[in-house]
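Subject: Structure handover

Hello,

Here is the structure we talked about. Please open it and keep it on screen while you read the notes below.

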Amino acid sequence: MRTLVATIGDGDSGNVLMAMRRLPYDRLVLIGERGEEPPGLADIRRMESMTGNEVKFVQVDTGRFMDLVDEVCEVVSGLSGGRGEVVMNISSGTKLLADAALFAAFRLGVPAYHVTDRVVRLPVMKGVTARNRFTPLQSQFVSRLAEPSSIPELVKAMPPHNKQSVERVMRELRRMGLVSARLESARVAVSLTDEGHEIRRALAASEGRRA
């Protein structure tokens, strides 16, 4: 059995519907903040009932970030008693909830996606956290690259690393599909790909801070 776990919030059930269309699954589990059920949940339940499926909606507290991560991990770990495949979509819900769900996916090694008008598969490795997935220099490079930058700007922002080491890590991250580089006004402009921005969020979440 393949279970799709998706975050959901007020007014963004459309992204959940996109994930339901784009990611194959046998069972749907939605995670939202504690309180009133989000608008759109009734429509999702109605759609699923037409195929004979039920929707499980789990409410979590969003007071403390790491407690929220633990709650999401508990929900995911309890599905099928650890049997079957679980995939996660984090394109809906509050940023805090999405960050916690992404961190939980990295902690548990659960395949994670960000589905809107396109499907972005996030590089999650079984049993490897976001922080352990990269070298310290790779993590620093991604964290510094909130906006497009040039190599000299990155060297200045990443002491004591020199130009050669910064260029080397850029090539490594390009091969992973996390960084892109293009010639712009006679300089190389380096930026994160969509996948790279999600990794930046995961690295920030692993330190309990906002990206």
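A crossing of two helices is right-handed if the near helix is turned clockwise from the far one by less than a right angle, and left-handed if anticlockwise. You will need that for the helix pairs below. Please keep in mind that this is a predicted model.

**Overall**

The chain has 9 helices and 9 strands. It holds 211 residues, and 46% of them are buried. Take the contacts in the chain with a separation of 6 or more: residues 24 or more positions apart account for 64% of them.

**Helix 3 and helix 4**

Helix 3 covers residues 65-77, and helix 4 covers residues 95-108. Their axes are 8 Å apart, and the packing angle is about 55°.

Which residues meet here? From helix 3 they are Phe 65, Met 66, Leu 68, Val 69, Asp 70, Val 72, Cys 73, Val 76 and Ser 77. From helix 4 they are Leu 96, Leu 97, Asp 99, Ala 100, Ala 101, Phe 103, Ala 104, Arg 107 and Leu 108. By class, that contact has 14 nonpolar, 1 polar and 3 charged residues.

**Helix 1 and helix 2**

The axes of helix 1 and helix 2 come within 10 Å and cross at roughly 20°. That makes helix 1 roughly parallel to helix 2, because angles under 35 degrees count as roughly parallel. The crossing of this pair is right-handed. Helix 1 brings Ser 13, Val 16, Leu 17 and Met 20 to the contact. Helix 2 brings Ile 44, Met 47 and Glu 48. By class, the contact has 5 nonpolar, 1 polar and 1 charged residues.

Now look at the buried side of each helix. In helix 1 (13-22), the buried residues are Ser 13, Val 16, Ala 19 and Met 20. Seen down the axis of helix 1, they fall within an arc of 110°, so they line one face of the helix. An α-helix has 3.6 residues a turn, so residues three or four places apart point the same way. The buried residues of helix 1 pack against strand 1 (2-7), strand 2, helix 2, strand 4 (85-89) and strand 5 (112-115).

Helix 2 runs over residues 41-49, and its buried residues are Leu 41, Ile 44 and Glu 48. They cover an arc of only 60° around the axis, which puts them on the same side of helix 2. What do they pack against? Their partners are helix 1, strand 2 (27-33) and strand 3 (55-60).

**Three single residues**

Gly 32 lies in strand 2. Is Gly 32 buried or exposed? Gly 32 is buried, with a relative accessible area of 1%. Leaving aside neighbours within four places in sequence, Gly 32 is in contact with Ile 8, Phe 57, Val 58, Gln 59, Val 60 and Leu 97. Gly 32 and Gly 93 are 61 residues apart in sequence, yet 6.8 Å apart in space, C-alpha to C-alpha.

Asn 53 sits in the loop between helix 2 and strand 3. Its relative accessible area is 29%, so Asn 53 is partly exposed. Leaving aside neighbours within four places in sequence, Asn 53 is in contact with Asp 26 and Glu 48. Glu 48 is also one of the buried residues of helix 2. Asn 53 and Arg 27 are 26 residues apart in sequence and 7.0 Å apart in space, C-alpha to C-alpha.

Gly 109 is in the loop between helix 4 and strand 5. Gly 109 has a relative accessible area of 13% and is buried, because the cut-off for buried is under 20%. The C-alpha atoms of Gly 109 and Val 87 are separated by 9.8 Å, and the two residues are 22 residues apart along the chain.

**A cis peptide bond**

Most peptide bonds are trans. Where is there a cis peptide bond in this chain? One joins Pro 159 and Pro 160, with omega about 5°. Pro 160 lies in the loop between helix 7 (151-157) and helix 8 (163-175).

Best regards

Definitions and conventions: Residues numbered from 1 in each chain as written. Predicted model: local features only at pLDDT ≥ 70, side-chain atom pairs only at ≥ 80, totals over all residues. Heavy atoms only, no water. Buried < 20%, exposed > 50% of the residue type's maximum accessible area, 1.4 Å probe, protein only. Helix = DSSP H or I, 4+ residues; strand = E, 2+ residues; numbered from the N terminus. Arc of directions from axis to C-beta. Contact = heavy atoms within 4.5 Å. Axes fitted to C-alpha atoms, helices over the stretch in contact; angles between N-to-C directions. Parallel < 35°, antiparallel > 145°, perpendicular 65-115°, else oblique. Nonpolar A, V, L, I, M, F, W, Y, C, P; charged D, E, K, R; others polar.
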